[in-house]
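Please report on the fold, the cores and the aromatic contacts of the structure shown below.

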Amino acid sequence: VTLDRALIELAQQGDRDAYARIASMASHRWFALALRIVRDHETARDVVQGALVHIWRDLPSLRDPDSFDAWSRRVVVNACGTARRRARRPVGSIDREPAEPSVGDSQATVALRDELERAFARLSVDQRAVLVLQYYEDLPLAEIAESLGVSEGTVKSRLHAARRAMRAAIEADARLPIRAEGRL
Amino acid sequence: VNTDLELDRVLAGWLAEGAERLPAEDLSAALGQVDRTRQRRSLTTGRAPRAALGLAARFSLGVVVALIALSTAWTATRTVPLDVGQASTYRLDARWAAGASSPDVAFTALVPVGAPQDIYWRAATYDRFDLDAWSQTGGSTVGVSAGESLLRGSAEVLPDALTIPIRATIRPAAFRQGLLLSPGTPVRVDAEASVRTIGAGSWLAAVEVPAAAAYTVEARLLRLDENGGVSPARLRAAGSDYPRDVAERYTAVPPGALGPDARELLATILASTASRDPYDLAVAVEAYLKESPRFRYDTNPAACDDASVVECLARTRTGYCLHYASTMAIMLRSALPDNPVPTRLVQGFLPGERSGRVETVPSVLAHAWVEVYFEGVGWVPFDPTPDLRVTR
């Protein structure tokens, strides 16, 4: 889903209704992003509410409306960082219905989820963000860099470190065939 | 087995889990705060004055929202069956089918590669508001052979520059009312058809085709884009000098349509915009009904003892597409008493789910929206119903 450039320009010029339209579309995406980074519903709600106001306030400073997606994502990721510091509470897991076992999902066992959740909680917000943008949002490297406001080289090294940490967590789960490969 | 790929797969699968959405009250609360928050403007980068509101932005966005919703939650919404009577004239009202939540497929459509994703499927238009329903008046029915023009002698305006041709093959499933479904305005169909018209200008009301057979329809879609399409500037320039039969047929407001709450709502909307240009008013009414947190989409609206669905929506602030579309149509007809804006109701379906060239449209997407008449352009669609599937 791409937001219309004309709509973003209107919101930049102070059109509140245009912004309401943008927000009604994008806020769910931002929520999905924030939730995957902070792993807690209430915190993610706070993050997005704050980001919604922040993005409105700073929209006029966005030079190129075409980079709205990356720019707004950056605001959300930054808000995840500050929200977490403010909260100073352990990061819980996303509460959800137990997933239906399915053919493609056979390895995502409860034990593995716990391992993943724990390992993810030990990562920095920057590292989590890079994983979420890479694996959940499925963004190209250049856009991840733009969304985080860092160079592509930095994205690569963060991604490398984050993947290594997550790999260790998966390997710790004895039931995984990946463990049998025995290669770090 | 490549363990890197394995890791990619596990991480992608794990991060994809869950389909949570921001609670609607959070969005409302944040927008409330937005209303109290001034934008930070740098003094060095002056901005152009407020640009014309992009119609493409307005319209296509609503559709995009509907589409997002489709992919996630349409099966959870209840159907709004639009009952079409088999009497001498069609009637659009709000009778509900029992067990309406079944996600029956209404029809499928084969569309060209690269066809717009946001096609509203039109079935019929209505000119007269009957407080709780819409009907077609003063028309006639003309038989048209397969492949002949459906618009011969019609006043429907289809300027080539403002429309794109599109062809679709419709296969009726649960929708068996014998009404031609068309993306935009139908021009030709490869079946024996009866064209029903409204008024002296032969405005298209509906095209009847055999109820169960597949057919291929050629149609023209309004280009709702800024690049030479139907731009706000063009619609503002259309003026309000309407043909007589349009002004006669499409501006009537029956007694009782507007009660005290509807009049207050109209005054509120009129106060929200200084412009009295028909296009600006249409945008204002549509935006108000669609965006105001005071209004809620509900297929079981709160009880209301008024005969008019317009008054009921204004009073209870709950309703579904028939309420919202009727309200927008009647508000526009009432906003400028000296020269009312002509409007009509359209019955049809929201865009379905596209897979390759095949679009599948379930019965739950039955919908009603509004068209506003602009001289030189024709009937331009507006959809004031809140994006129910997003906020529900």
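## Chain A

Helices here are DSSP runs of H or I with at least four residues, and strands are runs of E with at least two, both numbered from the N terminus. The model is predicted. On that basis chain A has nine helices and zero strands. Its elements run α-α-α-α-α-α-α-α-α from the N terminus on.

Chain A has 184 residues, and 51% of them are buried. Among its contacts with a separation of 6 or more, 64% join residues 24 or more positions apart. The chain exposes about 8,300 Å². Carbon and sulfur atoms supply 47% of that area.

Helix α6(A) is mostly covered, with nine of its twelve residues buried. The buried set includes Val125(A), Leu131(A) and Tyr135(A). Gln127(A) and Arg128(A) also belong to it.

Asp138(A) follows α6(A). It sits in the loop between α6 (125-136) and α7 (141-148) of chain A. Asp138(A) is not a glycine, yet its phi is positive, about 60 degrees. The residue is exposed, at 63% relative accessible area.

## The six-stranded sheet of chain B

Chain B contains an open sheet of six strands in the order β10-β13-β8-β3-β18-β17, with antiparallel pairing. Strands β10 (185-189) and β17 (353-355) of chain B form the edges, each pairing on one side only. Neighbouring strands are turned by 30 degrees against each other on average, direction ignored.

Within the sheet, β3 (residues 105-110) and β8 (residues 163-172) of chain B pair in the antiparallel sense over four bridges. Thr108(B) in this pairing stands opposite Arg171(B) in β8(B).

Arg317(B) is another residue other than glycine with a positive phi, near 55 degrees. It lies in the loop between α8 (309-316) and β15 (318-319) of chain B. Arg317(B) is partly exposed, at 30% relative accessible area.

## Nonpolar cores

In soluble globular proteins, nonpolar side chains tend to be buried together. The largest nonpolar core in this model has 103 residues. Trp121(B) and Leu345(B) have the most contacts inside it. Helix α9 (residues 321-335) of chain B gives the largest share, ten residues. A second, separate core has 67 residues, including Leu35(A), Val48(A), Ala79(A) and Ala30(B).

What does Leu345(B) touch, not counting residues up to four places away in sequence? Its partners include Leu92(B), Trp134(B), Leu322(B), Ala329(B), Trp369(B) and Val370(B).

## Aromatic pairs

A search of the whole structure finds 18 aromatic pairs over all chains. Phe107(B) is in strand β3 and Trp121(B) in strand β4 (residues 121-126) of chain B, 14 residues apart. Phe107(B) is buried, at 0% relative accessible area. Trp121(B) is buried too, also at 0%.

Why is the pair of Tyr242(B) and Tyr373(B) edge-to-face? The ring planes stand at 65 degrees, and planes over 60 degrees apart count as edge-to-face. The centres are 6.3 Å apart. Tyr242(B) is in the loop between α4 (232-237) and α5 (244-249) of chain B, and Tyr373(B) is in strand β19 (residues 366-374), 131 residues apart. Tyr242(B) counts as buried at 9% relative accessibility, and Tyr373(B) does so at 3%.

Conventions
Residues are numbered from 1 along each chain as its sequence is written. Chains are lettered from A and ligands numbered from 1 in the order in which they are written. This is a predicted model: local features need pLDDT of at least 70, side-chain atom pairs count only at pLDDT 80 or more; totals for chains, interfaces and linings use all residues. Side-chain values use heavy atoms; hydrogens and water are left out. Two strands pair if DSSP finds at least two bridges between them. Axes are lines fitted to C-alpha atoms, for helices over the stretch in contact, and angles run from 0 to 180 degrees between N-to-C directions. A nonpolar core is a set of buried Ala, Val, Leu, Ile, Met, Phe, Trp, Tyr and Cys residues joined through side-chain atoms within 4.5 Å. Buried means under 20% relative accessible area, exposed over 50%, partly exposed in between (1.4 Å probe, protein chains only). Contact means heavy atoms within 4.5 Å. Accessible areas come from the Shrake-Rupley method with a 1.4 Å probe; for residues, only the protein chains shown count as cover. Rings of Phe, Tyr and Trp (its six-membered ring) pair if their centres lie within 6.5 Å; planes under 30 degrees apart count as stacked, over 60 as edge-to-face and the rest as tilted.
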